[in-house]
Structure formats: structure tokens, C-alpha cells
Amino acid sequence: MTDQPTPTAAPDASDPSDAVDAPVKPFMRTIKSFVKRAGRTTTGQAKAFEELGPKFLVPYQQNAIDFEALYVDSTRASGQKDLNNSPIVLEIGFGMGEATAHIAGVLPDTRFLCCEVHEPGVGALLKRIGEQNLTNIRICAHDAVEVIDHMLPLQSLDGVHIFFPDPWHKTKHNKRRLIQSPLVAKLARRLKVGGYLHCATDWEPYAQQILEVLTAEPLLKNRALATNPELHGYAPKPHYRPLTKFENRGIKLGHGVWDVVFERI
């Protein structure tokens, strides 16, 4: 592991000239947060789209999100805490939404903006939102990289979750992995000072790559090196991340799970 690079000056979130990252040159390969897969929605998911989509789905747009307006909930019970000014966490790729719904329930005073392009997964999370009466989730069914570039102002996030991204096991496919330096740089600039980036994977070579990429980002620091030196840079599983059926099945087969949590400095 390399030494932690000297942090650069934090970008000024109020500077409109720095509102988005520099455009990618035409000949450069652009980052994609997903590989779109076909899938069929169930009757229950389709019903959730129809009934809950208008409230919980956020259309992609090329201007910044108004977070305070986005999470207004007219159905909130009397005396229930308003979500204005509460922490905002971006989740990239939530699968079928099992962990997302659990975390939103465990952290009811945190606002979650969740990006996923797999339609059955979006429908499944909408269904969970209705079943669990969750009010602190909004979903953008669009490529997360474009959402980051155009909808998220600098230093607007308190956290980012990326759980079990596709590991692309074959060496020739490693370049397709989501966690690469350009994306991490974008995310670091959207985090507030003190905010965190939390990745989890069950593929050890990918965990090593994630640790290396995040360590190389000058705006991030690995606090686990001091708090949990015995884990060699990895972090203990945070209390909010649940043990999903997928993860539990892997553990029974002898697979490990690695959490990597860095803080914005």
C-alpha cells in the first residue's frame, strides 16, 4: 500500500465554474456505472411502478437537484421529524433493494438517493418502500455517472454506498469494474468534508483494487488504518449494512466480504 498522498485544497462548492467535471474528450472511454441487463417485472413490481413511481422516482435532469423539495412528504404523521437538512446518501446499484430498504429503515433520519437501471430491481425497491412505509428514499433509474455529473452539486453528499458491484472476474474484463480513479474523484468532490464513501465486495482481488484506488484519491482518507490496524486497511462491517441472503449464502460457502470505508478530508 502506498503512503497517503498529501490532500489538495477542497473545491469551492460556491464556484459555478467548478459545478461539473471537465467534459470528457470524444476519443476517451467514458465511465459507465452499469451494464444494462434485460429483465421482466412481476405483477407486484408493475403495480408499485404505477402507484408509487410518481412519488418516489426522480427523473434524470441536467441541472442540480433541489434536495429540500425532493423529500417533502405531505403524508408524514404529525410530530414525525421533517427530513429537511438531514444527511443525504447516494447509493449506486442497489440490485433488488433488500439492503437499501433495510438501511433506510435503520436510518430513518437520513435521505437516500438510489441509482439503478435494472427495471425489476427498481420495481422491487418501490414495492419494499410501500410495504415498509419508507419515506426517505428516492430512486433515479438512470446511469449514476450522469446523475453525479449533472444533478449533484459539489460537496452536497454526506455519504456514498456502493455494495457488491459487478466484480468482472476475468482479467481482460477488469477495466469494466465500476470502482476506478475517475469515478472516485467525481464522488470525492461531491462529498462534504467529513462525509464517507463505503464500498463492499465479496471478491478479494476487487477489494484490493478498491483499497488501492481509494487510497490514491487525495481528497479521501482511510480512518480504519488508525482505528482497526489489524484489518490492514479494511473496515469492520458498519452496523447499518445488513447481512443479506446473497451475502449469507456466500459466507456459508466460505467466501469473505470486505468493507472499505474512506472519509472526505
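How many salt bridges does the structure hold? There are seven salt bridges, where a salt bridge is a side-chain nitrogen of Lys or Arg within 4 Å of a carboxyl oxygen of Asp or Glu. Before we get to them, keep in mind that this is a predicted model, so local features need pLDDT of at least 70 and side-chain atom pairs count only at pLDDT 80 or more, while totals for chains, interfaces and linings use all residues. Residues are numbered from 1 along each chain as its sequence is written, and side-chain values use heavy atoms, with hydrogens and water left out.

Two more terms will keep coming up:

- Helices (H or I, at least four residues) and strands (E, at least two) are DSSP runs, numbered from the N terminus.
- "Buried" means under 20% relative accessible area, "exposed" means over 50%, and "partly exposed" is in between (1.4 Å probe, protein chains only).

**Strands E2 and E3**

- Strand E2 (residues 111-115) and E3 run parallel, and four bridges join them; two strands pair if DSSP finds at least two bridges between them.
- Look for Cys114, which stands opposite Ile139 in E3.
- To get from E2 to E3, the chain goes through helix H4 (residues 119-132), making a right-handed β-α-β crossover. Right-handed here means that, with the strands pointing away from the viewer, the path from the first strand over the helix to the second runs clockwise.
- In a regular strand, side chains alternate between the two faces of the sheet.
- Strand E3 (residues 137-140) is covered on both faces, with Ile137 and Ile139 buried on one side and Arg138 and Cys140 buried on the other.

- Strand E4 (residues 157-163) has six of its seven residues buried, so it is largely enclosed by the rest of the structure.
- E4 pairs with E1 in the parallel sense over three bridges, and Leu90 stands opposite Val160 in E4.
- E4 is also joined to E5 by six bridges, and these two strands run parallel.
- Ile162 has Cys199 in E5 as its bridge partner.
- Together, E4, H6 and E5 make a right-handed β-α-β unit.

**Helix H5**

- Six of the eight residues of helix H5 (residues 144-151) are buried, so this helix is largely enclosed by the rest of the structure.
- The buried residues in H5 are Ala144, Val145, Val147, Ile148, Asp149 and Met151.
- They pack against strand E1 (88-92), E2, E3 and helix H6 (181-190), with contact meaning heavy atoms within 4.5 Å.

**Salt bridges**

- Side chains of opposite charge can pair when their charged atoms come close.
- Lys127 and Glu131 are four residues apart in helix H4, which separates them by about one helical turn.
- Lys127 is partly exposed at 35% relative accessibility, and Glu131 is exposed with a relative accessible area of 54%.
- Arg241 forms a salt bridge with Glu247, where the closest N and O atoms are 2.6 Å apart.
- Arg241 also forms a salt bridge with Asp259, with the closest N and O atoms 2.9 Å apart.
- Arg241 lies in the loop between H8 and H9 and Asp259 lies in strand E7 (residues 258-264), so this pair ties together parts that are 18 residues apart in sequence.
- Salt bridges that share partners join Arg241, Glu247 and Asp259 into one network.
- Each member counts as buried: Arg241 at 2% relative accessibility, Glu247 at 5% and Asp259 with a relative accessible area of 4%.

**Aromatic rings**

- A search of the whole structure finds one aromatic pair; rings of Phe, Tyr and Trp (its six-membered ring) pair if their centres lie within 6.5 Å, and planes under 30 degrees apart count as stacked, over 60 as edge-to-face and the rest as tilted.
- The rings of Tyr196 and Tyr240 have centres 6.3 Å apart and planes at 40 degrees, so this pair is tilted.
- Tyr196 is in strand E5 (residues 191-201) and Tyr240 is in the loop between helix H8 (224-227) and helix H9 (245-252), so to speak linking distant parts of the chain, 44 residues apart.
- Tyr240 counts as buried, at 9% relative accessibility.
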